Amino acid sequence: MEDIKQIKSALVSVYHKDGLDRILNLLNDNGVTLISTGGTQSFIESLGIPCKSVESLTGYPSILGGRVKTLHPKVFGGILTRRDNESDKNQIEQYEIPEIDLVIVDLYPFEQTVASGASDADIIEKIDIGGISLIRGAAKNFNDVVIVASKAQYQPLLEILENNGAKTSLKERRWFAKEAFAVSSHYDSAIFNWFDSEENSALRLCEDSRCSLR
């Protein structure tokens, strides 16, 4: 079936690494090339799994104290390229951009940092830029890419890998994209509410529970 896609490469960059071991081992068993950054790369390699660095892909180191790691055309080009678009195919070949079929990422703990009573400077550093961009890019291209946007989606991905190997259906990819946008909308609502806390000009809510309308 045309909507079944094989995962051949994965970008993994996460804050929460617990519960990821089995997924990484299954991806490796299925011949998936892993790409990662910093602490996540060290974690993957500690499991005895080979992993390429994002720096080796982009040709740039992590800069500005870690603020810029994945924000590069060789990362986002690999995520956003449309596999059935001839112009996209020609461009990624021209610029030597490898396709990225799976993105596993989570976001800096912004709400927890606010709740801890941290300083404004520390809170601002927990406003994720690269992670939220990876989530949106991969979710936008759900036709070809799987996005796992939080630890809460580890289990559904694990079940797919255990049952089907490194293959996903369009329905599954669309579900992950929907969950990814739920993560990003909640995150942005929390950031807005923190910036607006002294003005109280509006209230942004993003609830995970089901709602019944009269």
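Visitor: At what angle do helix α4 and helix α8 pack, and how far apart are their axes?

Guide: Two packed helices are described by the angle between their axes and the distance between the axes. In this predicted model, side-chain atom pairs count only at pLDDT 80 or more and local features need at least 70, while totals for chains, interfaces and linings use all residues. Residues are numbered from 1 along each chain as its sequence is written, and side-chain values use heavy atoms, without hydrogens or water. Here α4 (residues 73–80) and α8 (residues 130–140) pack at about 25°, with axes 8 Å apart. That makes α4 roughly parallel to α8 (an angle under 35 degrees). Helices are DSSP runs of H or I, at least four residues, numbered from the N terminus; axes are lines fitted to C-alpha atoms over the stretch in contact, and angles run from 0 to 180 degrees between N-to-C directions.

Visitor: Which residues of α4 and α8 meet?

Guide: From α4 come Val 75, Phe 76, Ile 79 and Leu 80; they meet Gly 130, Ser 133, Leu 134, Gly 137, Ala 138 and Lys 140 of α8 (heavy atoms within 4.5 Å). Six of the contact residues are nonpolar, three polar and one charged. Ala, Val, Leu, Ile, Met, Phe, Trp, Tyr, Cys and Pro count as nonpolar, Asp, Glu, Lys and Arg as charged, and the others, Gly among them, as polar.

Visitor: How many helices and strands does the chain have?

Guide: The protein chain has 10 helices and seven strands (strands are E runs of at least two residues). Its C-alpha atoms fill a box of roughly 50 × 50 × 35 Å along the principal axes.

Methods:
Parallel < 35°, antiparallel > 145°, perpendicular 65-115°, else oblique.
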